[in-house]
Amino acid sequence: MVLAIVLAALLSISFADAAIPSAMLRGRPSIPQLPVPERTVTSPDGTVLPPITTVYYFDQLINHNNPSLGTFQQRYWMDWEFYQAGGPIIFMTPGETNADGYQAYLTNETINGMIAQQQNGAAVLIEHRFFGYSNPYDNLTSQSLELLTIQQAIDDLVYFAQTADLPMPGGDNVKPDTTPWVLIGGSYSGALTSWTMVNQPGVFHAGYASSAVVEAITDYYGYFTPIREYMPQNCSSDVQAVIAYLDQIYAENNTAAIQSLKDTFGLGSLSHVDDFASALQYNLFDWQSLQPDVGPGAMFFEFCDALEVKDGVNAPATGWGLDNAIYSWGSFWNSTYYVYVCGITDAETCLGTYNASQSYWTNVTVNNANRSWFWMVCNQVGYYQVGPPEGQPAIVSRILQPIYEERQCVNMFPQKFSWPPTPSVAEVDFMYEGWNVNVDRLFFANGLRDPWREATVSADGLYKTNTTTQPIYEGDGFHCSDLITENGVVDETVYAVQMAGLKYMKTWLS
């Protein structure tokens, strides 16, 4: 049943993301979404509580540097079924998404609720500014988005904690000066947890950061390293063979061979070879949807099976070779994957990135997470998922370099950028300490199979020290696996990470 729910969710996500020209946005650093539990919630004294889908509103400052501009309505949700007087407030933003639908993070189906249950705490989920319907202005123009910065997001969390009167009994007397607040996040919001505790020390008593992408990186080819390492090796071998061939014919300017290859995938109408190279990334981005309780029916494994299983026989670790890989990968796009990604939309509209008049680039209405995240990517964090340097194994074409994504920043925000911008990653990493973070009572949880691992404190070659004041635990999980209770049931290494987090929270909150 759990698998069926997860697969259904993944399919809905993919169709919802169809016709996103930027492959980068398909690999957005987001936390997993669980079905919202439908059940009656009661407090420890038996009082029936409001449904966890009840929306509350907080008067958040539009600009923390200029309070005279006034406030906007920031949405949040809350559950206090485990709360007893003196317990902590467990506080989270799901980050770069519409927060409605993430209410499971108020329950013990997630690490948030597990901590709340253990510590007799209450859980709060707040929507990030400029995502969903928590917007300082009624549009997402470049002018409005000038107030979408890491610092404004940090200040939102702090201002809420210090001034909000929560809707539970006694909720007007649980500010951080009298009550411990625990800040939790995963992926980008995990990084925001770390960055907040660095930038505003003393507000949050403790933090839990899962798959936290603390290091802003422009040239983030490391996204594909864990995928290449942990995907079936025969599949990796054949993908590398096709990518090497594409890069070779591109270097030779063999336009006939390039056109033939595009035709094999049913993408012959794509005008630009970099858009074709980007389309081939899509199969790899499906890896980010995997969790320990997701099995062979997942789209990523369907892709590898299409390449590696012939007449019921699996390919050896070296794969079946280039010719079969091209034919099989192309056939999978034609028979299954094109419709999965694009539906009935033509290839140029769905996958092309050169027509800046498309509504995808020009739509400035609110509740457009892709546009808001694109703003943060272009200005501050980068994370451009591109091909690796020469000499490293490549499952993504080296045709794709940061300029491919930076050019799209001009498409999306022509009022802001007249030339492809370079995101200010050095400034971000200096201000918020990135990999150099050293904060008391901050727990880091990571997964070996996480494509965002190389931006976390568990990045290869970083060897960051695991201490009792800033513990770093790593299981065999995928992206933010430890946030989901069920993942600990099916993977003992994820369970070990969760138990370690609970142990440290118990110690720090005692």
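Tutor: Start with helix H16: the face turned away from its buried side carries the exposed residues Ala 426 and Phe 430. Buried means under 20% relative accessible area, exposed over 50%, and partly exposed anything in between, using a 1.4 Å probe and protein chains only. By the way, this is a predicted model, where local features need pLDDT of at least 70 and side-chain atom pairs pLDDT 80 or more, while totals for chains, interfaces and linings use all residues. Residues are numbered from 1 along each chain as its sequence is written, and side-chain values use heavy atoms, with hydrogens and water left out.

Student: What makes the buried residues of H16 lie on the same side?

Tutor: They are Val 425, Val 428, Asp 429 and Tyr 432. They cover an arc of only 95° around the axis, so they sit on the same side of H16. That arc is taken from the directions from the helix axis to the C-beta atoms. In general, an α-helix has 3.6 residues a turn, so residues three or four places apart point the same way.

Student: And what covers those buried residues of H16?

Tutor: The cover includes H4, H5, strand S7, helix H14 and strand S10. Helices (H or I, at least four residues) and strands (E, at least two) are DSSP runs, numbered from the N terminus.

Student: Why is H4 called roughly perpendicular to H5?

Tutor: Their axes come within 10 Å and cross at roughly 75°. Axes are lines fitted to C-alpha atoms, for helices over the stretch in contact, with angles from 0 to 180 degrees between N-to-C directions. Under 35 degrees is roughly parallel, over 145 roughly antiparallel, 65 to 115 roughly perpendicular and the rest oblique. So H4 counts as roughly perpendicular to H5.

Student: How do you know whether Gln 358 is buried or exposed?

Tutor: Gln 358 sits in the loop between helix H12 and helix H13. Its relative accessible area is 13%, so Gln 358 is buried.

Student: What makes the reach of the Gln 358 side chain to the backbone oxygen of Thr 349 a polar contact?

Tutor: The distance is 2.9 Å. A polar contact is a pair of N or O atoms within 3.5 Å; within protein, one must be able to donate a hydrogen and the other to accept it, and residues adjacent in sequence count only if both atoms are side-chain atoms.

Technical notes. Contact means heavy atoms within 4.5 Å.
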